[in-house]
Amino acid sequence: MTLFHFFNCAILTFGPHAVYYSATPLSEYDTLGTSIKAAVVYLITALVKLVCLATFLNVSETDSFDPYQELLKALIGFIDVAGLYFALTQLTHRNISQCHKFQAVGLGWAFADSVLHRLAPLWVGARGLEFTWDYIFQGLEANANLVLSLSLAALGSLMWLRKNKPKTLIPIIYACAGIVATMPSITSYLRQGLGWHLPKIVGFELFTSLGMAFISWQLFAACQRPSN
């Protein structure tokens, strides 16, 4: 029963990444190499963030919300944006379109995040004798993170790769990218500042990820239209 629960949670956590790759044109254009490169960039970025967090943040003895510490975390979190910029603009990619490029980068980014932050807790905890919903919610949270990573990669491709985008959309693109980039700090405030429990936080993340995906899709489609 414990292994059955582990495999269910693992499929929920990592399965959508494989389904997305195989069900979209990414598999037809053989973009796996691009996703792997993006995953490597994410791991390097996570290491840099870890060093910065260990250097500049103080260890709190309580679980209360500290605005200064959370602001510092949010600023350090923008290292992710720098890493995504490098993955989108500096890595050598196969001859694929901008649409497929951001999807491959976002997919690799999200998969590396799930492996780094969820694989070990899942392996240790989901095989326990006592059933818990925490790892089900962790899998749902990974799905929300996949959608948010794809949205941020789409917005990043519009910011850094799309030159002739409508000027009226530029502030909206940057504002949406800022919201997605600060989602960890937002959820931290909901958890520690407002006392939200995990199911409510995961529901918020799923709802927000779908909303940001819809907005990003609309912005990407608008920027793809030929200008008059």
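Colleague: How are helix α1 and helix α6 oriented to each other, roughly parallel or roughly antiparallel?

Modeller: Start with the angle between the two axes; under 35 degrees counts as roughly parallel. In this predicted model, helix α1 (residues 2-23) and helix α6 (residues 134-160) pack at about 10°. The two are therefore roughly parallel to each other. Their axes are 8 Å apart.

Colleague: Which residues make the contact between α1 and α6?

Modeller: From α1 the contact takes H5, C9, L12, T13, P16, H17 and Y20. From α6 it takes Y135, I136, G139, L140, A142, N143, L146 and L150. Sorted by class, the α1 contact with α6 has 10 nonpolar residues, 5 polar ones and no charged ones.

Colleague: Is the crossing of α3 and α8 left-handed or right-handed?

Modeller: The crossing of α3 and α8 is right-handed.

Colleague: Which residues of α3 meet which residues of α8?

Modeller: On the α3 side they are E70, K73 and A74. On the α8 side they are S185, S188 and Q192. By class, this contact of α3 with α8 has 1 nonpolar, 3 polar and 2 charged residues.

Colleague: Now charged pairs. How many salt bridges does a search of the whole structure find?

Modeller: To read one, look for a side-chain nitrogen of Lys or Arg within 4 Å of a carboxyl oxygen of Asp or Glu. The search of the whole structure finds 2 salt bridges. In one of them D80 pairs with K49, and the closest N and O atoms are 2.9 Å apart.

Colleague: Where do D80 and K49 lie?

Modeller: D80 is in helix α4 (residues 79-89) and K49 is in helix α2 (residues 32-56), so the pair ties together parts that are 31 residues apart in sequence.

Colleague: Does D80 count as buried or exposed?

Modeller: Look at the relative accessible area; buried means under 20%. D80 has 18% relative accessibility, so D80 counts as buried.

Colleague: Which side chains meet in a salt bridge at 3.0 Å, N to O?

Modeller: Those are the side chains of D113 and R118. D113 counts as buried at 13% relative accessibility, and R118 counts as buried at 9%.

Colleague: What does S35 touch?

Modeller: Leave out residues up to four places away in sequence, and S35 touches A104, L107 and G108. S35 lies in helix α2 and, at 7% relative accessibility, counts as buried.

Colleague: Which class of accessibility does V48 fall into?

Modeller: Values between the buried and exposed limits count as partly exposed. V48, also placed in helix α2, has a relative accessible area of 39% and is partly exposed. The C-alpha atoms of V48 and A112 are separated by 15 Å, and the two residues are 64 residues apart along the chain.

Colleague: Does F207 count as buried or exposed?

Modeller: Over 50% counts as exposed. F207, in helix α9 (residues 198-224), is at 66% relative accessibility and counts as exposed.

Colleague: How far apart are F207 and F6 in space?

Modeller: From C-alpha to C-alpha, F207 and F6 are 26 Å apart. In sequence they are 201 residues apart.

Technical notes
Residues are numbered from 1 along each chain as its sequence is written. This is a predicted model: local features need pLDDT of at least 70, side-chain atom pairs count only at pLDDT 80 or more; totals for chains, interfaces and linings use all residues. Side-chain values use heavy atoms; hydrogens and water are left out. A crossing is left-handed if the near helix is turned anticlockwise from the far one by less than a right angle, and right-handed if clockwise. Helices (H or I, at least four residues) and strands (E, at least two) are DSSP runs, numbered from the N terminus. Contact means heavy atoms within 4.5 Å. Ala, Val, Leu, Ile, Met, Phe, Trp, Tyr, Cys and Pro count as nonpolar, Asp, Glu, Lys and Arg as charged, and the others, Gly among them, as polar. Buried means under 20% relative accessible area, exposed over 50%, partly exposed in between (1.4 Å probe, protein chains only). Axes are lines fitted to C-alpha atoms, for helices over the stretch in contact, and angles run from 0 to 180 degrees between N-to-C directions. Angles under 35 degrees count as roughly parallel, over 145 as roughly antiparallel, 65 to 115 as roughly perpendicular and the rest as oblique.
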